[in-house]
Each structure stands twice: as C-alpha cells, then as structure tokens.
Amino acid sequence: MRESFRIGTGAGFSADRLEPAVDLVERGRLDAIVLECLGERTVAFAHRDRMADPRRGYNALLDRRMRALLPACRKAGTVMITNMGAANPRAAAERTLAIARELGLAGLKVACIEGDDVSALVPPDQPFMDEPGTLADIDMPVVGMNAYLGADAIAPALEAGADVIIGGRLADPSMFLAPIAHRFGWDAADMPRMGAGTLVGHLMECGMQVTGGYFADPGVKDVPDLAQCGYPIAEVAPDGSAVITKLARTGGCVTPATVKEQLLYEVHDPARYLTPDVTADFSRVQVAPAGPDRVRVSNASGSARPATLKVTVGFDGGFQGEAGVSYAGPAAQQRGQLAADIVRERIAGLNGAADLRVDLIGASSLFASAGLRASDAQDVRLHVTLRSREREDAELMLWEVESLLCCGPAGGGGFRGAIVPCVMTKSVLIPRERVRPALDVQVA
Amino acid sequence: MNTPRRNAPRIVRDIAHARAGDKGNTSNVNVWAYDPADYELLKRALTVERIKQTFPQLIRGKVARYELPHLYGLNFVMQDALEGGVNRSLNLDSHGKSWSYLILGLTLDDAVGEKPQMIE
C-alpha cells in the first residue's frame with residue numbers, strides 16, 4: 001500500500017491566524033497545505049476593493065502569509081493551494097511571484113486559476129437558486145459574480161507541477177480533494193472516492209474548527225491550551241479514509257466530538273451535500289478514536305455531481321452604522337431601556353429608519369427575536385444599528401446616539417460609533433459547461 | 001473533556017454539544033449526545049414541533065430534523081430562521097452562530113413548548 005497523503009490547513013477563513021500555519025509547514029512534513037480564505041461576502045468585499053483599485057481585490061493578508069510560508073513550503077516540498085486570489089487571482093499571483101523573487105525562491109512555479117468570474121455569462125433576469133425572484137428584482141449595483149470552481153479546475157495546475165496554486169472562488173473542499181485525487185490517481189467519475197475526499201476537505205476547510213477551535217465550553221467541553229491551538233493535518237489513505245490529527249506540542253484537541261461538530265457544519269441533508277465535484281453522502285460516516293489527538297474518519301460516499309455550478313452574486317449594499325453607550329449599576333437595565341426608547345423616537349424621522357435595530361447588550365441582544373431577556377441586568381450597553389443607502393443617514397444616527405451623553409438617561413458612558421460599507425449576496429446557478437476555468441503558470 | 005454532571009441533567013447542554021452554521025437565511029444546528037444512553041432523551045426533548053413552537057418569532061420557516069443514530073447526532077435545518085440572513089439581519093450575530101446555544105439552553109423536562117429562562 002502506498003503511504004498516506006499528508007495535507008494540512010493554513011487558514012480557515014480570510015482573517016485566520018498565521019503563526020500556527022508556519023509551525024505546521026515547518027514541522028508537519030506536509031505534501032500540501034490549503035489556505036481557505038473566501039466566503040460569499042468576502043468575495044463581494046474583494047470586488048469592491050478591486051473597483052477602487054484594479055491592483056487590489058485579493059486577500060489583504062496575502063503578503064504576510066506568502067512571506068512567512070513560501071520559504072517554509074519550499075524547504076519542506078509542500079504545495080500551497082489557496083483562494084486568496086478572491087476577486088483578482090491574477091494580481092494575487094503576480095504579487096506572489098514578486099515576493100518569491102524578493103525572497104530568492106528562484107524557480108518557484110506559481111499557477112493562477114481564473115474563469116470563476118462569470119459576470120459576462122449570467123443573464124440579468126437569472127432566477128435565484130433558493131428563493132423566489134430573479135437578479136433583476138434587486139435594486140442595488142452588482143459588484144461581481146463568481147462561480148464555485150471544483151477539483152477539475154485545480155487538477156491541471158497540479159499536473160503542471162505548480163508549487164503555489166492561487167485562484168478566486170475555488171470551492172473550499174475542492175482545494176483539498178484536488179491534490180488528494182491527483183496523488184492517488186482517482187478517476188473524477190469515481191463518485192464514492194470524490195465523496196471521501198470531499199469529506200476530508202469539509203472537515204479541514206475551517207482550520208482549527210476541527211482541532212478544538214470554536215469548541216470550548218468551560219466545564220463541559222474543555223480544550224487544552226486553546227491559545228496555542230494548532231491547525232489540522234489529514235493523513236489520507238489511498239482508499240479515501242483519513243486520520244484527522246495535529247502537530248505534537250500544539251494546543252487544542254482532536255476528538256470524535258470536535259470532528260462530529262465539524263462533520264455537519266453548514267450541512268443540511270447529510271446524505272446530499274452538494275459541491276462542484278460530487279453529491280457527497282456523509283450520512284454513514286464513521287468517526288473513531290485512533291490515539292491521542294487522532295480520529296479516523298471513513299465510509300463517506302457520493303453520487304453524481306450537480307449539472308450546475310453555484311454562483312455568488314455580490315451587490316453594493318450601502319452602509320451600516322453602529323453606535324453604543326453603556327450603563328452600569330443599580331437600574332442599569334431601566335436606564336438603558338429608556339435610552340433605547342429615546343433614540344428610537346429621535347431617529348424615527350431619518351430616511352433609513354426602516355432598517356433600524358436597537359439592542360440592550362447584557363439584557364437582550366443576540367436572542368432578542370427568540371424572546372429571551374434578562375430582568376435586572378446591572379451592566380448593559382445600548383447598541384444601535386442602522387443600514388442605509390446613503391452614508392449620511394448612518395452619520396445622523398451616530399450623532400443621535402452620541403448626544404445621549406448630555407441629553408439621555410443618567411450615568412451613560414463609553415460612546416463608540418463606526419460606519420462600514422455593506423455588501424449583499426445572492427446565489428444563482430449556471431450550467432457547468434458554460435464556465436471555462438483558465439490556467440496560467442509562471443516561474444519566479 | 002469532562003463528563004457533564006450525571007445526577008441532574010436540566011438543560012440540553014448537560015447531555016449534548018452543538019455547533020451552528022448558516023447558509024443564506026437558513027440556519028443548521030447539529031447536536032450530539034455525549035453519552036449514547038442519552039440519545040433517546042435528546043430526540044424526545046428536541047422535536048421539530050418544539051423548536052418551531054418555542055421560537056416562533058425567530059424560526060419562521062420549515063424545520064427539518066436529520067438523524068445520525070450511529071453517531072448519536074441530530075441535525076436541525078431551520079428555514080427563514082436568521083432574520084433575513086447575514087446580508088439583511090441587523091442582529092449583532094448576523095450569522096446566527098449563537099443559535100447552537102438556543103438549542104442547548106432548552107430544558108429537558110416534559111414541558112414541551114415552555115420557554116427557557118435566561119440565567120443571570
């Protein structure tokens with residue numbers, strides 16, 4: 001039997017930690033490392049960045065990540081696969097080549113995968129994927145449209161011997177499946193195998209969410225040394241089963257419980273998880289302990305891949321203002337509630353007041369719609385959120401909340417306010433044959 | 001990992017762990033019994049009807065429950081349950097990441113439909 005394929009995760013979202021990724025490459029003896037850095041909204045924000053500056057539109061941490069990881073990857077012989085290209089894979093690849101040259105990594109092969117931008121291919125009245133209506137119903141400017149590319153778009157870069165593979169909307173699990181399938185020579189039509197590799201990708205794509213991150217609940221789910229949590233490693237066997245583990249001398253834990261929480265993370269029907277590569281079946285997956293911080297997963301399967309690819313359409317969503325003032329001590333909740341009532345009345349005249357929300361953090365905020373609230377909270381924060389087309393409405397809201405310092409209830413303090421741009425996203429489908437991934441390989 | 005106190009399980013968190021995820025305006029929460037012996041209790045406590053009835057203002061659409069009996073797990077898929085989803089919701093937690101603790105806060109007694117109280 002051929003030895004297992006070792007693949008690690010070096011980022012599970014756009015702002016994920018870097019130091020544990022460097023540690024993983026240096027000590028992990030990895031065949032490949034994946035940096036998954038793109039969500040639906042991340043790609044929409046990236047399009048806005050690119051509109052503002054055509055040289056931008058890729059992950060803002062790309063420079064730092066490449067400078068830290070490229071030398072270690074070169075030394076270890078580890079291939080890097082990432083969607084840090086976001087809305088501008090070409091610029092991300094150019095930047096990576098420049099960094100490689102600066103670092104003296106002559107001969108480094110950098111592959112750029114494009115073709116996920118399908119804005120020229122989607123009709124303006126395309127129906128939504130999962131709700132009534134069409135794109136034409138949205139009264140906001142489109143900023144970009146990206147199709148999820150699968151393992152078949154990544155495979156040619158692996159065949160070309162690339163050391164670094166950079167794309168835009170590469171589907172999260174596909175970035176793991178592609179190198180696994182490439183190593184073991186799996187046929188892309190072998191759907192049970194595609195399902196098995198997709199399970200590995202699914203468990204790994206959120207990084208530390210499978211090694212004890214996003215898991216700790218003191219007293220019932222304690223995680224050792226969470227501060228120094230390590231990224232995951234998958235040791236994949238030629239049959240597609242795998243052991244999920246992490247480096248020795250890192251924090252966190254890999255247990256059947258951490259693996260199970262990630263198994264169905266953002267999954268609906270466990271027997272039908274759709275990706276560009278397969279309709280994966282996780283419903284009979286086995287999860288078994290295999291030593292300290294080692295969990296074996298097996299028995300994933302799959303059936304035919306969807307005939308269509310999912311496309312994320314991003315829109316310019318205007319602005320969101322957020323502002324707050326805090327109250328503490330006796331009757332803090334009552335004073336905070338009075339502040340909330342005052343602000344509502346004063347803001348009622350603003351154009352954007354329809355998209356207004358007033359929370360009392362400490363008494364009722366996240367679970368307000370669920371009907372849960374405390375009765376006598378002693379330390380609360382009024383938190384006002386307003387979304388508006390025009391920046392000015394958000395500015396006026398901030399002004400009204402700040403004015404509570406002189407003309408609101410007694411004892412309020414700690415005003416903060418900020419305005420951030422917003423995006424909105426919708427999903428549509430596109431026949432897969434209309435999407436043509438393109439590969440370009442350059443050598444540093 | 002400590003085993004939760006066995007003598008007096010009171011809320012779902014005493015017997016199970018969970019994680020929430022979002023896709024559009026649909027929330028899914030997967031829930032896993034720590035002890036296989038509690039799986040039947042978990043299934044009795046967490047019915048589709050109870051989840052719909054307990055949070056009618058929040059969980060407005062269809063609720064489906066998928067079972068993974070060999071792993072002692074349940075997966076709830078709740079439509080129209082994220083105040084419009086991350087694009088539209090003005091909730092501080094616009095992804096509904098904390099919805100896992102809505103489920104874990106439900107009581108284990110037989111009072112189906114009764115609202116949990118926020119603990120101060």
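The model is predicted: local features need pLDDT of at least 70, side-chain atom pairs count only at pLDDT 80 or more, and totals for chains, interfaces and linings use all residues. Residues are numbered from 1 along each chain as its sequence is written, while chains are lettered from A and ligands numbered from 1 in the order in which they are written.

**Chain A overall**
- Chain A has 11 helices and 18 strands. These are DSSP runs numbered from the N terminus: helices are H or I with at least four residues, strands E with at least two.
- Its C-alpha atoms fill a box of roughly 75 × 50 × 45 Å along the principal axes.
- Buried residues account for 53% of the 444 residues in chain A; buried means that 20 or more other C-beta atoms, placed from the backbone, lie within 10 Å of the residue's own.

**One sheet in chain A**
- Three strands make an open antiparallel sheet in the order 9-10-13. Strands pair if DSSP finds at least two bridges between them.
- Strand 9 (273-274) and strand 13 (301-303) of chain A each have a single partner strand, so one side of each lacks a neighbour in the sheet.
- Strand 10 (residues 279-281) of chain A pairs with strand 13 of chain A over three bridges.
- A:Ala280 sits opposite A:Gly302.

**Contact between the chains**
- Chain B provides 33 residues and chain A 37 residues. Contact means C-beta atoms, placed from the backbone, within 7 Å.
- Strand 1 of chain B gives the most to the chain B side, with four residues.

Note on methods:
Contact = placed C-beta atoms within 7 Å. Buried ≥ 20, exposed ≤ 12 C-beta atoms within 10 Å, placed from the backbone.
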